[in-house]
Amino acid sequence: MARRSTQAASEGTDKAKPVTSYDVAREAGVSQSAVSRYFTPGASVSARTRAKILKAVNKLGYQPNAIARSLITRRSSLVAVVVANLGFNPEFTSILGQSLSARGLNTLLFTLDHESDADHVIDQLWQYRVAGVVAAVTLPPRHVDMLSQREIPLVFVNRAYEEVPVNSVSCDQSEGERWLVDELCAAGHRRIAIVSGPEDSPVSRQRVSSAAERLANAGVKPVEIVVADFTYQGGREAMRKLAAGPARPDAIICANDMLAIGCMDEARHALGLRIPEDISIVGFDGSAPGQWASYDLVTIRQPTNLMVDAAIDMLMARIDDPQLITEKRVFSGELVRGASARLTDT
């Protein structure tokens with residue numbers, strides 16, 4: 001009796017064991033490596049073998065364990081995405097996550113209040129054994145070197161480095177700002193102000209410096225340059241400061257769309273200004289809220305889908321071959337001629 005009880009207990013324990021890929025392989029009559037390929041996006045598996053494995057998976061109720069698999073293959077399916085909470089286009093993050101998922105990769109998202117906080121992220125990356133990193137923030141050169149030494153591929157988005165070679169995908173910020181300045185000047189604007197993002201944002205610095213340089217070439221000196229957070233509230237506060245100055249601008253160039261939206265609402269609802277009759281406001285990014293009918297923002301739309309595809313292609317290539325040379329891809333934006341600014345007819 002005791003023997004039968006032990007046997008029953010053993011059978012109960014066996015039933016409680018999770019189904020493994022080896023169980024699936026045995027049931028399907030294929031190799032374990034074939035099962036592994038079945039669950040690897042893009043891997044080659046014949047139709048006949050695929051049908052056998054699918055039948056076994058459904059029968060046994062098997063679910064692949066990504067963590068266990070990464071320990072066996074020494075290759076994680078996690079990609080760290082690092083963004084600045086106050087300065088990054090959330091649509092980019094969403095599209096990036098969906099595209100990574102479509103390639104069998106999972107997103108580990110790190111959000112920072114400011115780009116200068118990025119120094120603290122690296123210590124956490126080592127704990128997750130990430131397969132690669134997509135960074136929309138500036139990382140110190142020493143951390144770029146550390147990732148390279150550990151052969152963890154790194155791709156920057158809208159960030160450029162001169163001191164160290166890095167992989168990057170970006171929109172041509174300077175070109176976009178030249179288009180905006182040329183349009184405003186051609187329409188007769190001369191009292192032009194600039195609303196900058198945070199001082200630790202390289203994207204903001206590049207956009208602001210490019211706009212100021214183009215204005216100087218046109219013989220126009222900015223009425224004022226106001227620094228603000230990359231937020232709606234930052235735009236409203238910047239508009240109040242500009243309106244309180246000695247010479248109210250007739251046009252404002254904002255370093256991103258959210259700042260422009262904040263400026264527009266402050267101008268309309270708090271200051272009683274008409275847009276674009278009394279003041280023109282332009283942005284940069286091409287975010288969805290900026291295209292809502294109540295804003296219809298003049299802006300530079302970044303080619304988000306193209307940039308995401310390029311970033312993932314570069315990352316995947318370097319996951320497969322960490323020794324590939326660095327690469328930089330720059331895309332032109334698109335001028336969106338909305339109703340938030342007085343422009344010349346074309």
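Helices (H or I, at least four residues) and strands (E, at least two) are DSSP runs, numbered from the N terminus. By that definition the protein has 13 helices and 12 strands. The model is predicted: local features need pLDDT of at least 70, side-chain atom pairs count only at pLDDT 80 or more, and totals for chains, interfaces and linings use all residues. Residues are numbered from 1 along each chain as its sequence is written, and side-chain values use heavy atoms, with hydrogens and water left out.

Of the 346 residues in the protein, 46% are buried (under 20% relative accessible area; exposed is over 50%, partly exposed in between; 1.4 Å probe, protein chains only). The accessible surface (Shrake-Rupley method, 1.4 Å probe; for residues, only the protein chains shown count as cover) comes to about 17400 Å², and carbon and sulfur atoms hold 50% of that. Among contacts (heavy atoms within 4.5 Å) with a separation of 6 or more, 69% join residues 24 or more positions apart.

Two residues are set out by relative accessibility.

| Residue | Relative accessibility | Class |
|---|---|---|
| S280 | 0% | buried |
| H114 | 30% | partly exposed |

S280 lies in strand β9, which covers residues 280–282. S280 counts as buried because its relative accessibility is 0%. Apart from neighbours within four places in sequence, the contacts of S280 are L184, H189, D250, A251, I252, S340, A341 and R342.

H114 sits in the loop between β2 (106–112) and α7 (122–128). With 30% relative accessibility, H114 is partly exposed. The C-alpha atom of H114 is 7.5 Å from that of D200, a residue 86 positions away along the chain.
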